[in-house]
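Let's take a walk through this model together. Have the sequence and the 3D view side by side, and turn the view as we go.

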Amino acid sequence: MEHLERCAWFLRGTLVRAAVRRHLPWVLVAAMLVGSALKELSPLPESYLSNKRNVLNVYFVKLAWAWTVCLLLPFIALTNYHLTGKTSLVLRRLSTLLVGTAIWYMCTALFSNIEHYTGSCYQSPALEGIRQEHRTKQQCHREGGFWYGFDISGHSFLLTFCALMIVEEMAVLHEVKTDRSHHLHVAITTLVVALGFLTFIWVWMFLCTAVYFHDLIQKVFGTMFGLLGWYGTYGYWYLKSFSPGLPPQSSSLTLKQDTYKK
């Protein structure tokens, strides 16, 4: 438990800071641009992380939204109920996960449709020999072809959105004070450590995506959609009364408005 406490203390001192919430979007944009430039100008040699079958990609990134929801759901429920004691407010705040799910679903569906309507089936990855008879990506792959269209980076979108959403929700820790001997303290501490490490995985894999995968413009669009999903909710809609609202904090609305004005 002592090691868990130390990890939670470190994460509280890093991810929970207002400066992190303010600067992380710009850090992600810079990482995407620098990583993309490195990929184009001086490609790194292939490594374990450049293989799409690496453990982090298969078991974490491919399930990024599921991991994020599974950890944020109990975290939001426990911290918000501890601070307010109101079930209605907790349910209202949990609706942020429904909003996030809708954003995830609509964006991934949009990306898939864009790739479909801008793509064609080729005989090889070298884009040789168009197979006119195969009109869909699924049919193309089933027949051994290679589908090429405008493939907006779903990884850039989702990892950006998930990392920023977790950091926003963890801001509630400024207000959470629990008895160290209480089981609630253990539960929240465990969730803080899990969410913290998950955030570091998302940021790290975002950088790997920038360095190893997709064209620059595909990553720009993916990151932009992630930023729009985050800012449209936490930076705009959640400031309104008819919304899931922000995590409960002292003067949270004023602080948030000041943060986004800077």
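Which side chain makes a polar contact with the side chain of His185? It is the side chain of Glu5, at 2.6 Å. A polar contact here is a pair of N or O atoms within 3.5 Å; within protein, one must be able to donate a hydrogen and the other to accept it, and residues adjacent in sequence count only if both atoms are side-chain atoms. Before going further, a word on the ground rules: this is a predicted model, so local features need pLDDT of at least 70 and side-chain atom pairs count only at pLDDT 80 or more, while totals for chains, interfaces and linings use all residues. Residues are numbered from 1 along each chain as its sequence is written, and side-chain values use heavy atoms, with hydrogens and water left out.

Back to that pair. Glu5 sits in helix α1 (residues 2-14), and His185 belongs to helix α8. Both partners are buried: His185 has a relative accessible area of 9%, and Glu5 comes in at 15%. For burial, the cut-offs are under 20% relative accessible area for buried, over 50% for exposed, and partly exposed in between, using a 1.4 Å probe and protein chains only. Now look from Glu5 to Leu207: these two are 202 residues apart along the chain, and their C-alpha atoms are separated by 28 Å.

Zoom out for the overall picture. The chain has ten helices and two strands, and from the N terminus on the order is α-α-α-α-α-β-α-β-α-α-α-α. Those elements are DSSP runs numbered from the N terminus, with helices being H or I over at least four residues and strands being E over at least two. Along the principal axes, the C-alpha atoms fill a box of roughly 65 × 40 × 35 Å. Of the 262 residues, 44% count as buried.

Next, helix packing. Two packed helices are described by the angle between their axes and the distance between the axes. Take helix α7 (residues 154-170) and helix α8 (residues 183-212): their axes come within 9 Å and cross at roughly 150°. That makes α7 roughly antiparallel to α8. The axes are lines fitted to C-alpha atoms, for helices over the stretch in contact, and angles run from 0 to 180 degrees between N-to-C directions. Under 35 degrees counts as roughly parallel, over 145 as roughly antiparallel, 65 to 115 as roughly perpendicular, and the rest as oblique. The α7/α8 crossing is left-handed, meaning that the near helix is turned anticlockwise from the far one by less than a right angle, whereas clockwise would be right-handed.

Now for the charges. Side chains of opposite charge can pair when their charged atoms come close. How many salt bridges does a search of the whole structure find? It finds three, a salt bridge being a side-chain nitrogen of Lys or Arg within 4 Å of a carboxyl oxygen of Asp or Glu.

Start with Glu169 and Arg93, whose side chains meet at 2.9 Å, N to O. Glu169 lies in helix α7 and Arg93 in helix α5 (residues 87-118), so the pair ties together parts that are 76 residues apart in sequence. Both of these residues are buried. Helix α5 also supplies Glu115, which bridges to Lys137 in helix α6 (residues 137-142), 22 residues away; the closest N and O atoms are 3.1 Å apart. Here Glu115 is buried at 10% relative accessible area, while Lys137 is partly exposed at 27%. Then there is Lys39 with Glu40, at 3.8 Å, N to O. Glu40 is partly exposed, at 48%.

Which charged side chain is buried yet has no salt bridge? That would be Arg21, in helix α2 (residues 18-41). The nearest side chain of opposite charge is Glu168, 4.1 Å away; for this, Lys and Arg count as positive, Asp and Glu as negative, and His and the chain ends are not counted. A polar atom of the Arg21 side chain does lie 3.0 Å from the backbone oxygen of Val16.

Helix α2 also holds Val27, which is partly exposed at 46% relative accessible area. Val27 and Val203 are 176 residues apart in sequence and 9.6 Å apart in space, C-alpha to C-alpha.

Finish at His214, in the loop between α8 and α9 (216-234). His214 has a positive phi of about 65° although it is not a glycine, and its relative accessible area of 22% makes it partly exposed.
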